[in-house]
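Work through the exercises below with the sequence and the 3D structure at hand. Each task is followed by its solution.

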Amino acid sequence: MAEGIENVELKFRIYDGTDISHGSYASSTTVTAIKQKLVSEWPQGKSVVPKTINDMKLIHLGKVLENNKTLSECGVRDGAFAGGVITMHVVIQPAVAKNKSAKKQDETRKLNTCGCTIL
């Protein structure tokens, strides 16, 4: 390992409590790279499966991590917790659900239009 490069021990908890992709990651690893790995290693047989990295959010200490940032920029530090392994939560929000809610809002706007004329 080169000097100055810190590794962080991470595991990721999905919606049903299962931990996946436990391993050591360089602090210079981007959130996008981690999401790509999670999508490719997603467990078979789960009812909710992310299709792209945009369907997924990583949460650390109550904050949603931004795709373009590295682990160190997001404040993820090794040894910050007892046991040395940091658990991040993975939230899946498929694009289909987003489209349905947008469609529903559009329908609501149509229903709330008024055709009154004041003379």
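**Exercise 1.** How many aromatic pairs does the count come to by the rule?

Solution. The rule pairs rings of Phe, Tyr and Trp (its six-membered ring) if their centres lie within 6.5 Å; planes under 30 degrees apart count as stacked, over 60 as edge-to-face and the rest as tilted. Applied here, the rule gives one aromatic pair. Its members are phenylalanine 12 and tyrosine 25, with 5.9 Å centre to centre and 85° between the planes, an edge-to-face arrangement. The model is predicted: local features need pLDDT of at least 70, side-chain atom pairs count only at pLDDT 80 or more, and totals for chains, interfaces and linings use all residues. Residues are numbered from 1 along each chain as its sequence is written, and side-chain values use heavy atoms, with hydrogens and water left out.

**Exercise 2.** Is tyrosine 25 buried or exposed?

Solution. Buried means under 20% relative accessible area, exposed over 50%, partly exposed in between (1.4 Å probe, protein chains only). Tyrosine 25 has a relative accessible area of 7%, so tyrosine 25 is buried. Phenylalanine 12, at 0%, also counts as buried. Across the chain, 24% of the 119 residues count as buried.
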